[in-house]
Amino acid sequence: MDARREETLSTETIEFQAEARQLLRLMIHSIYSNKDVFLRELISNASDALDKVRLAAYQDKDLGADTSDLHVELVPDAEARTLTVRDNGIGMTRDEVVELIGTIAKSGTAELLEKLREAGDSEHAQELIGQFGVGFYSTFMVADRVELTTRKAGTAEGVHWSSDGEGSYTIEPVADAPQGTSVTLHLKASDADDQLHDYTDRSVLRRIVKTYSDFITWPVRMPAEDADGEPETLNSMKALWARPQRDVSDEEYAEFYRHISHDWQEPLETIRLAAEGTFEYQALLFLPKIAPMDLFMRDARRGVQLYVRRVFIMDDCEALVPEYLRFVKGVVDAADLSLNVSREILQQDRQISAIRRRLVKKVLSTIGTLREEQPEKYTTFWEQFGRALKEGLLSDPDNRETILGVSSFASTHGEEPTTLAAYKERMREGQDAVYYMTGDSRSAIEASPHMEAFREKGYEVLLLTDPVDEVWVDAVEGFDGTPFRSIAKGQVDLQTDEEKQQAEERKAEFAGLCEWMAGVLGDDVKEVRLSSRLTTSPAVLVGDEFDMTPTLEKMYRAMGQEPPKVKRILELNPSHPLVTGLRDARGAEGGDEAALAETAELLHGMALLAEGGELADPSRFVGLLAGRLQRTL
């Protein structure tokens, strides 16, 4: 939050945090075509507050909170052009108001704003905002000024907050605020062309609540038009996960997903499951269409909502969903847990562990079904969440084979990703491994000298370019009984019997050269040997089977950690003129030993650059190369 503020008696005027001001500007200038969603956001916030006060009152009998008639109330006033959304939920303290409304502390804010500046068109901007979620700020799409009065349950003093959304807000204590939160919108003039409806019109409010918030578990009421009438309840209050699947429409599922995820997209896929018997529970889960901004940020929230017999217990229950499925949203309603359960207890709870196992298996099987039956949906899922899902290959050994089975990988077979099952069907006769190579990009791997013999002989190679690929390939032995093998490590055996015989004969021819080069390059390489993987390049660097790859070394350095130096193996192409020329020059009398050593150094540097590595002394390499080029003129 910006530190500049003015104080008048007990009223403070405080500037919004810079990122909050930018988001408010977007709201005020209405980047959304559907402005009705502001009410969904306010009702959703109110519902959360009611959940929390019920739980707090259960856990603390001395809280003093009134939970006898928890509800949300909508109060339209056509004459004053205001709409008030009121709840008697948990409420907020002054510090919580400043933190939640005056400041956006959410990770990914700067990245979001940068992408919004780049997006330009309104539709793309809406998608980006939807991924981030703006909640309370959406009120400024429909209001010139917003007032909020709140009192935290169990406290004596309330808080009044007010802003026109331009740059600052005022905040002051109030003595007689009721428990909960009341948000009053001073509405803009309705504008049909801009889809800005009259939100004091009761029929408009009924329609919006029915469309977006019918499933809210608390009553959403509107006072009667005449003083003697009964308040009108606008929603059915039926929990979607407790209703028969045939009675719930896709649109109802979509609105429930938006409510719990604060995403403004529809879900990619809806998943329902239930169990009876020893452990009874119902679950309603969703796979999103678009990855959230904070998917790979350390402090990102994850987990699904936990209820016990339709009583809200907590948001983001991490014990129910492993980290590699952190993108899954939804609700789990367990029948036999204690209402007073804590996050620490959940981590050890046998019933929660059993539910978690079932959820994981169901999500993975759903992904597999998408791949088989709805390939377009699967492609969308994999593009957005495949990188996160592959983390499970490291953290969830029990489901490793299943995760491999639903995963896709880029391959030299074609432009479209392939499954491992499809790769195995195409394996050459006598091939005993799934070949792969890791690297920074597809183009870099395809241009690598390591690929030459595999390309020439028609062997398919998986092209693994995600950072997580560098790690899981060393932890996973294989798929369906077939091992994984890096084409950049160890010895490669693609030769026929005749080629192997020729290689043995050449080994003797080049033994002296290899031994000499190993001495010259001893500070950088552990061995020099002839290669069976090269067809056009003069040399290539390879690692031993368990050596760290150059890409993984770069990742460690990017994290501020210097990896231990690993000497690699230099392989020479015995058919390349540069290698045979170097051998012959060494055998000739009167050869310039220093010049030959420089040639060996250049050959090693070229191999290092060809795989995207970094030269230890670039200026020396450039000097040696310039000298050689000069002598050719």
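In the predicted model, the largest nonpolar core comprises 74 residues, among which Leu320, Leu389 and Trp472 touch the most other members. Helix H9, spanning residues 350-373, supplies the largest share of this core, with 8 residues. For Trp472, the contacts beyond four places in sequence are Lys390, Leu393, Leu394, Leu404, Phe409, Leu464 and Phe484.

The chain as a whole contains 21 helices and 24 strands. Its C-alpha trace extends over about 115 × 60 × 50 Å along the principal axes. The radius of gyration is 32 Å, whereas a compact globule of 633 residues would have a value near 26 Å. Of the 633 residues, 52% are buried. Among contacts with a separation of 6 or more, 71% join residues 24 or more positions apart. The accessible surface amounts to about 30,200 Å², and carbon and sulfur atoms account for 47% of this area. Charged side chains number 73 positive and 115 negative, with the centres of the two sets 3 Å apart.

Thr482 and Met427 are in contact with each other. Thr482 belongs to strand E21, which covers residues 482-486. Its relative accessibility is 9%, so Thr482 counts as buried. Beyond four places in sequence, Thr482 contacts Lys424, Met427, Asp432, Ala433, Val434 and Glu477. Met427 is located in the loop that connects helix H13 (420-425) with strand E18 (434-438). Met427 also counts as buried, because its relative accessibility of 19% falls under the 20% limit. The C-alpha atoms of Met427 and Phe215 are separated by 52 Å in space, and the two residues by 212 positions in sequence.

Asp214 lies in another loop, between helix H6 (202-212) and strand E9 (220-222). With a relative accessibility of 7%, Asp214 is classed as buried. Its contacts beyond four places in sequence are Val209, Leu234, Asn235, Ser236, Met237, Lys238 and Glu252. One of these residues, Met237, is placed in the loop between strand E10 (232-233) and helix H7 (250-261). The relative accessible area of Met237 is 27%, and this residue is therefore partly exposed. Although Met237 is not a glycine, its phi is positive, at about 65 degrees.

A positive phi is also found at Asp316, a residue other than glycine, where the value is near 50 degrees. Asp316 is part of strand E14, formed by residues 311-317. The relative accessibility of Asp316 is 18%, and the residue accordingly counts as buried.

Definitions and conventions: Residues are numbered from 1 along each chain as its sequence is written. This is a predicted model: local features need pLDDT of at least 70, side-chain atom pairs count only at pLDDT 80 or more; totals for chains, interfaces and linings use all residues. Side-chain values use heavy atoms; hydrogens and water are left out. Helices (H or I, at least four residues) and strands (E, at least two) are DSSP runs, numbered from the N terminus. Buried means under 20% relative accessible area, exposed over 50%, partly exposed in between (1.4 Å probe, protein chains only). Contact means heavy atoms within 4.5 Å. The radius of gyration is taken over C-alpha atoms; the globule rule is 2.2 Å times the number of residues to the power 0.38. Accessible areas come from the Shrake-Rupley method with a 1.4 Å probe; for residues, only the protein chains shown count as cover. Lys and Arg count as positive and Asp and Glu as negative; His and the chain ends are not counted. The place of a charge is taken as NZ of Lys, CZ of Arg, CG of Asp or CD of Glu. A nonpolar core is a set of buried Ala, Val, Leu, Ile, Met, Phe, Trp, Tyr and Cys residues joined through side-chain atoms within 4.5 Å.
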